[in-house]
Amino acid sequence: MSLPVFHFAAELPGIGDQVTLDGPEGRHAATVKRLGPGELLKLIDGHGGWAEAEVLNATKSALGLKVLAVGQEEAPTPQVTIVQAIPKSERSELAVDLATQGGADEIIAWQAQRCVARWTGPKAAKGVAKWEAAALAAAKQSRRSRVPQIHPEPLGTPELVQLLKATPDALVLVLHEEAATPLKELELEGVAKIYLIVGPEGGIGDEELAKLREAGARAVKLGPAVLRTASAAMVALSALGALTPRW
């Protein structure tokens, strides 16, 4: 069985070091997971670094640990950034959870024209914070040492187009039910960076799609079924994992 994973906010220690896991992670490990002396766990820094440690002692809010092994998880190739149209209500964090499980390296909130949810003013910062929390929780659950980076602010279509034009070497893919090209038929050898754009439940409008295409995006489809916006990224990431060296 794989070890339970906890985020270590400070710099990861070295082999033989004794450290304390406290704060929210320490309380969760001690009171929810009920880890005690002699048991093992894994610490991550969120950037690929990890450390396996043995519990030396435990209180209600912290664990004393001794580090047994350390390592660095290599970044997958190609890197995949999910551009996720903001779903409504609880599906918003579900989309991030599933994309993280699927292996996303970065997630950008996209304020597409047909999004029902609108992140404006204080809602933007609150939405980003919720996505960061969802990404961290999903990364720990799926035993990832790398936590997807959440873009610090949502992007409208003009800002997204500007970003895509600034990275001309990246392969930009738009999931679209009416696309003629299946994802599995793409030539992906040698591709280092992919932007995968997932539209809202109402779909991507023709004008908006045209702007994305002008920025170099290609419309592709996954298969015959039309997926919900919250699950589309995970399915596409799974396909990319099988079609590239990511897996």
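Before anything else, a term: a residue counts as exposed when its relative accessible area is over 50%, and as buried when that area is under 20%. What you see here is a predicted model.

I'll start with helix 5. It spans residues 206-214, and its buried residues are Glu 208, Leu 209 and Leu 212. Viewed down the helix axis, these fall within an arc of 100°, so they line one face of the helix. The face turned away from that buried side carries the exposed residues Asp 206, Glu 207 and Glu 214. What covers the buried residues? The cover includes helix 4 (157-165), along with strand 7 (106-111), strand 10 (171-175), strand 11 (193-198) and strand 12 (217-220). Just after helix 5 comes Gly 216, with a positive phi of about 105°.

Now the domains. The chain is divided into domain 1, residues 5-72, and domain 2, residues 79-243. Their C-alpha centres lie 32 Å apart. Where they meet, 13 residues of domain 1 are in contact with 7 residues of domain 2. Between them the two domains bury about 730 Å², with 53% of that on carbon and sulfur atoms. On the domain 1 side, Val 5, Ile 44 and Gly 46 supply 52% of the area buried against domain 2, more than any other three residues.

As for polar links, there are 5 residue pairs in polar contact between the domains, both residues at pLDDT 80 or more. There is also 1 salt bridge between domain 1 and domain 2. Which elements of domain 1 give two or more residues to the side that touches domain 2? They are strand 1 (5-7), strand 3 (40-44) and strand 4 (49-58). Strand 1 gives the most, with 3 residues.

Key: Residues are numbered from 1 along each chain as its sequence is written. This is a predicted model: local features need pLDDT of at least 70, side-chain atom pairs count only at pLDDT 80 or more; totals for chains, interfaces and linings use all residues. Side-chain values use heavy atoms; hydrogens and water are left out. Buried means under 20% relative accessible area, exposed over 50%, partly exposed in between (1.4 Å probe, protein chains only). Helices (H or I, at least four residues) and strands (E, at least two) are DSSP runs, numbered from the N terminus. The arc is that of the directions from the helix axis to the C-beta atoms. Contact means heavy atoms within 4.5 Å. Domain bounds come from an automatic or database domain assignment. Buried area is the accessible area (1.4 Å probe) that two parts lose on being put together, summed over both. A salt bridge is a side-chain nitrogen of Lys or Arg within 4 Å of a carboxyl oxygen of Asp or Glu. A polar contact is a pair of N or O atoms within 3.5 Å; within protein, one must be able to donate a hydrogen and the other to accept it, and residues adjacent in sequence count only if both atoms are side-chain atoms.
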